[in-house]
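Student: I have a model open and would like to talk through its side chains with you. Could we take it region by region?

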Amino acid sequence: MASKNDKKSVGSIPLLPLRDIVVFPHMVVPLFVGRERSIRALDEAMRRNKEILLAAQKKAKTNEPTPEEIFTIGTVGAIIQLLKLPDGTVKVLVEGKRRVRIQRYLPEETHFVCEVEDVVEPAETNVEIEALMRSVQTTFESYVKLNKRIPPEILVSIASIDDPSRLADTIVAHLNLKLPDRQSLLELQDPAVRLEKLYELMQSEIEILLVEKKIRTRVKKQMEKTQKEYYLNEQMQAIQKELGERDEFKNEIQELEEKIKNKKMSKEATAKLKRELKKLKMMSPMSAEATVVRNYLDWVLSLPWYDVTKEKLDISEAEQILDEDHYGLKKAKERVLEYLAVQALVKKLKGPILCFVGPPGVGKTSLARSIARATGRKYVRLSLGGVRDEAEIRGHRRTYIGALPGKIIQSLKKVGSNNPVFLLDEVDKMSTDFRGDPSSALLEVLDPEQNSTFNDHYLDLDYDLSQVMFITTANDLHSIPLPLQDRMEIIEISGYTELDKVNIAKSYLIPKQLEANGIADVSVEFVDDAIRAVINHYTKESGVRNLEREIAAVCRKIAKETIKDRQDGRQQHFRVTAKMVAKFLGPYKYRHGRAEERDEIGMVNGLAVTRVGGDLLVTEVSLMPGKGKLIITGKLGDVMQESAQAALSYIRSRAPLLGIDRSFNQRIDIHLHFPEGAIPKDGPSAGIAMATALASALTRIPVRRDVAMTGEITLRGRVLPIGGLKDKVMAAHRGGIKTVIIPAENKKDIRDIPKSVLKSVRLVPVEHMDEVLRLALAVTDQETFLLPPGNDPDDYLGIRLGSSSPLMGDPGEVGEEATEH
């Protein structure tokens, strides 16, 4: 195939490394040269034949490039003009002649000298190349129309070029391409391939130019719109001035000045408002900034800085109000009365920060409202459930559009008093995300040492919250961060007992629902058995919310019957009994744990606390032939499973005292089960119940049916304290249990249990598991059961049953004996 250039060696030629520029053949370009090696290369070229090799550096920031940092394909250029400038640099005008490839660098210390060879370019011309040239020329015309920096006259010279290689090199000189793209075009030998690449790059550039044009047009329109609005606003101001509306703005400013002068605020707030008002005077009344300043002034002036409500300090009246509204809740009421007593003596006391923790429906929120009524303060409530933005507490900064103060400041403005009872409801249900942590923001609000200078982001002023009586409510204490718990006085409100619920229903709920359902004038009598039936069989809760719903359902049925009787001309007295409750409400929804009718082997009444109060937790153990495997079922948590392991280890360690063969675990499998397997269970307090069930199953001694127990067990048999004693004893009382075994360290909690329950249930504090077994197992001779070490070894069996445990017999008989249970 013919070529335009025969491949030939040109010999040595000086090299001028270029930064951020690629020179193509037929391209005339001025260069400014400042590096010593480059200037010497130019001098050498001038001494020779004025030809110099122009090759681009791979990195423009390199001052002293090495041969490896210079591209191998470059352009031989002819020096047209060279001018040395006063600052030592050289301005040179060069014209690109032809492509060359660097073969090697010759040794020269002062400048680069290279041996090069010409790059052969195919000279073939066909219809495809002709079509490609026309496409490139047409695309370049479109590019020139979009790019105003290229003179249109260049199109005339482009149209006269009929050589594809020269056409590509001439056009690329006018394109705004990156160095890698330019170098890649220089290195392409085939003109057809070079034209295709050039066409592709021009299309990309045209797309960019079209987007730039679109953006310029949009910005121009926006600027015209802004100028038009400015002009119209100026005209409107002039018209307002003529009509006297400007005087209204002056009157508004005078009113604000008067309010600032008369409003009792902190010195910091007064000074800040005066500065803001001064800025407002200098603004146009129609400007957006003036609206922001006016809103800020209105917010600060509307706050109750020193507006307080006079407090009632009559303790007897407060106690009467609290008892009227709520039954029980002795601890919470006592704390409020203590506060009022101290306030009466001291006169100036920071508001207490109380946290009522308890299950739903026990009256936490309504108690806060009663406290406000008892103390004579105003009442305001803020629900924190689902709040995840710190700005909900502290507010937004005024730099944001539509900024507002936080909910604390908004609520104080709404209530119009600086010493209300402020209820922060559901404080345990706040969450955290990228917008901040509202629980951390509450630390300042609920800290008595800090809330006297609470700083809202919108106000940017210190506001005194120390006189506010903050009350928070929560269902779960574990969901509240520890630093926040530390700020508050925790008052736990446990669930109501059955007796409490009966009294609440008779004194509060039934009269309320009779009134709500329009039958207050009808003769309706709820007997105690009916109320207990509703409590035990239609609700399962610590509070009374569902109890009220069920009573309302009964009242609706009575209302329906009343209307029918009136239409028939009859007057009826309604006496609601347990049987009528079943008729009105349908089949029982719930059942509570009840004691077994007879003593059982391997079955123990444990006690547990659920979210709706206490309940009996039956523990069952069954023995099977096997190899010592312990099977634990009933959806137990990790802590409870570990307690089961500890209980088994204790039984194995006491095997001789219990009359059990030491190697019993090698011949049987033990299955420990907790019924109601769909309900998750966890906690260490079932330890002694599991140990007792294991001991009963292994010794074949029944467990007394009227005994329940709770306590954590250690490997040495010590019984450790537990929580929720009141709820657990209440559950035992409800289930017909007569004796409850509790840890000795829980004796301090007995005073929280109602006296009516203590009359029916005997509480036995124990310190060691041996005491539990003596009390729980129905042995024939209590005196010789579980003798401590140091007695006669012959008495270690210690069980006077008349026949030994089956586990002491022949190993082959274990399976049959054990599986009978």
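Student: To start, where is Asp190 placed?

Tutor: Asp190 sits in the loop between α5 (179-187) and α6, where helices (H or I, at least four residues) and strands (E, at least two) are DSSP runs numbered from the N terminus. Before going on, note that this is a predicted model, in which local features need pLDDT of at least 70 and side-chain atom pairs count only at pLDDT 80 or more, while totals for chains, interfaces and linings use all residues. Residues are numbered from 1 along each chain as its sequence is written, and side-chain values use heavy atoms, with hydrogens and water left out.

Student: Which residues gather with Asp190 in a patch of negative charge?

Tutor: Glu124, Glu128 and Glu196 gather with Asp190 in that surface patch. Patches are made of residues with over 30% relative accessible area and no salt bridge, like charges being joined within 9 Å and nonpolar side chains (Val, Leu, Ile, Met, Phe, Trp, Tyr) within 5 Å. Lys and Arg count as positive and Asp and Glu as negative, with His and the chain ends not counted, and the place of a charge is taken as NZ of Lys, CZ of Arg, CG of Asp or CD of Glu.

Student: And which residues make up a positive patch?

Tutor: Lys148, Arg149, Lys213 and Arg216 gather in a patch of positive charge on the surface, and Arg216 belongs to helix α6 (residues 191-243). Helix α6 also holds Val211, and Val211 forms a nonpolar surface patch with Ile215, Val219 and Met223, with about 350 Å² of accessible area together.

Student: Switching to salt bridges, how many does the structure hold?

Tutor: The structure holds 39 salt bridges, each being a side-chain nitrogen of Lys or Arg within 4 Å of a carboxyl oxygen of Asp or Glu. One of the pairs is Glu276 with Arg398, whose closest N and O atoms are 3.2 Å apart. Glu276 lies in helix α8 and Arg398 in the loop between α13 (391-394) and α14 (407-415), so this pair ties together parts that are 122 residues apart in sequence.

Student: Why does Glu276 count as buried?

Tutor: Because its relative accessibility is 4%, Glu276 counts as buried, whereas Arg398 is partly exposed at 25%.

Student: What about Glu444 and Arg394, how far apart are N and O there?

Tutor: Their side chains meet in a salt bridge at 3.5 Å, N to O. Glu444 is in helix α15 (residues 438-445) and Arg394 in helix α13, so the pair joins parts that are 50 residues apart in sequence. Both Glu444 and Arg394 are buried.

Student: Which residues are linked in a network of salt bridges?

Tutor: Arg99, Glu121, Asp169 and Arg194 are linked in such a network. Elsewhere, Lys748 and Asp749 meet in a salt bridge at 3.9 Å, N to O, and Lys748 is exposed, with a relative accessible area of 56%.

Student: Which buried residue has no salt bridge?

Tutor: Arg35 is one of that kind, being buried without a salt bridge, and the nearest side chain of opposite charge, Glu64, is 6.3 Å away. Arg35 is placed in the loop between β2 (28-33) and α1 (36-47). Its contacts, meaning heavy atoms within 4.5 Å, include Gln57, Thr62 and Asn63, not counting residues up to four places away in sequence.

Student: New topic: where is Ile102, and what does Ile102 touch?

Tutor: Ile102 is in strand β5 (residues 90-106) and is buried, with a relative accessible area of 9%. Leaving out residues up to four places away in sequence, Ile102 touches Leu53, Phe71, Thr72, Cys114, Glu115 and Val116.

Student: Last one, which residues does Leu775 contact?

Tutor: Leaving aside neighbours within four places in sequence, Leu775 is in contact with Arg704, Val707, Ile741, Val764 and Val766. Leu775 lies in helix α26 (residues 769-776) and is partly exposed, with a relative accessible area of 22%.

How values were computed: Areas by Shrake-Rupley, 256 points an atom, 1.4 Å probe, with all protein chains shown as cover. Buried < 20%, exposed > 50% of the residue type's maximum accessible area, 1.4 Å probe, protein only.
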